[in-house]
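Visitor: I'd like to learn how to read a structure like this one. Could you take me through it, beginning with the place where the chains meet?

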Amino acid sequence: MYTIDTTTIFHFLQTMWALAWGAMRLDPAAFKAVEPAGTGLLITAIVFLAGVSETIGQSVVLFANRVKPGRFALSLLLNGILFIVSVFILTGSIWGIAKVLFHTDVPYIGLLREAGLSYAPLLFSFFVLLPYMGIFINRALSVWSFLALLVALKVVMGFVLWQALICSIFGWALVQVLKYTLGRPFVAIERWLRRITAGVNLAVESPDKLIETIIEQTIDNPKGGKS
Amino acid sequence: MIFSFIMQLLGIGLILILLMGLLSPLESMGWWAGWSDVDKDKPKVAGTPKDQETQEITGQSEAGHYVVYLSGIGAIAGDFLEKEEIAFLDKVEACVPGTAVVRDVFPYAMNNKGLTGHRTFRSLWQWIKDLKLKNKLLMSNLINLRNLFQVAVSADRRYGPIYNYGTAGVILDGLRRKGYVVGSGIPFTLIGYSGGGQIAVGAATYLGPILKAPIQIITLGGVMADDPGFANVRHLYQFHGEKDPVQALGKVCYAGRWPILPHSPWNIALAEGRITVIDVGPTTHNDPGGYFLQSEEQKAKGEHYQDRTIDRIVEIINHPTEVVSFSDEKQLAAGA
């Protein structure tokens, strides 16, 4: 059904799209197809592009912090790389939970490819840029990607739905706990990387407080404002 | 064969609309980030809100009250209004002596430079404008679509804070051109037709803290979201036509205007009695037969809804610090 052909760039892209489209259709065969070794680069490319696409969709944060065009492009690339790292971490967490709760013997690297493929719906994250519909699209893509992860877990671990649900939810929760405990130095490194790549202090972390920030910078304290 | 061709055309059209939508926030975002050269040729005295704020107050405003008109999504440039809009503003202006009327603001760009100004697609917009002047209106829908997306940008909680800061600056420039002095506390009224309603409310977010003056907004078929700018609006008068389905879009599309969210800026304004809805009669969104121009049918029947609307707007403008009541108005209940 899915032929893995990476002999030329054209075939690589064709195979990558076929796998991504299969994952988006939640087709178990697509996840089965990436089980053999040698598909790592394809999955890495999908996750990287999903990361770039997500940064485009959320680019209001970079614009709000007045990141220069060159730095903007670099930030896109950095987020692609950070997305790859995040797949390693989330997969590790899910794999650990599955091992403890359900005593699975699937190797970590096996799960890694399938979990990576579940990021495929996020290739469309650039649509989050759309005004009005963007926020809804963002949520829909997150749910879509989560569903793809459940299919991946069912395929690679042989889980039934509730087991896949427990592993993915607990796996996600463990990552959140780690973020605020043992993982704090890594979060600090991530922020530092984002800051030096953007070339500015990323004071605006989300658009939620943008009005207050603009009023503070340009009206209450104009010297710190737009020049 | 024909069906497949039509489907292909529809597909291409959909892709183009999506592309326009995706690119729509970039103009204002690029402006804020300093990517565009928007401010390079801008007169120093007429700058962004920051410039206004830091400027020393040296005198009194020339007029006792100011009105700024913000056109609908069919607008091409600040210096190009439809003839019915011009006639409407002329009539209003004649009835409000001592009030300065600003009518050259283009609310769908950060620099008051219309679509036919220095832009990448200037030739395209100029071509559409020429067609419009010849009454060939099909291509004008591209202008409507472009500006509709800008209204959506203004209403979007992610982009709105930046977009509305830009339009607040453009409105301030317009006020200053008519002699408004920042800090004088002189009240002003924003009149927004259609999408201009959202732009007016969005800009109020910053005009409030900058000018520290009473702001009232009059909308004609205004399409608005639950914008945080409502917090700075002293009173909103919403004129709506009975045959106007467009003005209801904001009520349907933005959850913050639904009764289930009583703490949204819109519902708070409603609960505080700061919104008055005025039925202008069986008028449509567009003219003739809309808010500005009588249709032949209305003429034949001797119906003068547009004149009555002008009378009421004049009444509101003449009472900028009061709440004006009309016998047949509808004071919306909270959550309506």
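Guide: Across the interface of chain B and chain A, 8 residue pairs are in polar contact, both residues at pLDDT 80 or more. This is a predicted model, in which local features need pLDDT of at least 70 and side-chain atom pairs count only at pLDDT 80 or more, while totals for chains, interfaces and linings use all residues. Residues are numbered from 1 along each chain as its sequence is written, chains are lettered from A and ligands numbered from 1 in the order in which they are written, and side-chain values use heavy atoms, with hydrogens and water left out.

Visitor: How many salt bridges are there between chain B and chain A?

Guide: A salt bridge needs a side-chain nitrogen of Lys or Arg within 4 Å of a carboxyl oxygen of Asp or Glu. Between chain B and chain A the count is 0.

Visitor: Which element gives the most to the side of chain B that touches chain A?

Guide: Helices (H or I, at least four residues) and strands (E, at least two) are DSSP runs, numbered from the N terminus. Here H2(B) gives the most, with 6 residues.

Visitor: What is the area buried between chain B and chain A?

Guide: Buried area is the accessible area (1.4 Å probe) that two parts lose on being put together, summed over both. For chain B and chain A that comes to about 3000 Å², with 74% given by carbon and sulfur atoms. Trp32(B), Trp35(B) and Arg158(B) supply 28% of what chain B buries against chain A, more than any other three residues.

Visitor: Now single residues, please. Is Thr99(B) buried or exposed?

Guide: Buried means under 20% relative accessible area, exposed over 50%, and partly exposed in between (1.4 Å probe, protein chains only). Thr99(B), at 11%, is buried; this residue lies in strand E2 (residues 99-102) of chain B. Arg25(A), at 47%, is partly exposed, and sits in the loop between helix H1 (9-24) and helix H2 (28-33) of chain A. The side chains of Arg25(A) and Tyr2(A) are joined by a polar contact of 3.2 Å.

Visitor: And which way do strands E5 and E6 of chain B run?

Guide: Two strands pair if DSSP finds at least two bridges between them. E5 (residues 235-240) and E6(B) run parallel, joined by 5 bridges. One of the bridge partners in E6(B) is Asp279(B), paired with His240(B). In strand E6 (residues 275-279) of chain B, 4 of the 5 residues are buried.

Terms used: A polar contact is a pair of N or O atoms within 3.5 Å; within protein, one must be able to donate a hydrogen and the other to accept it, and residues adjacent in sequence count only if both atoms are side-chain atoms.
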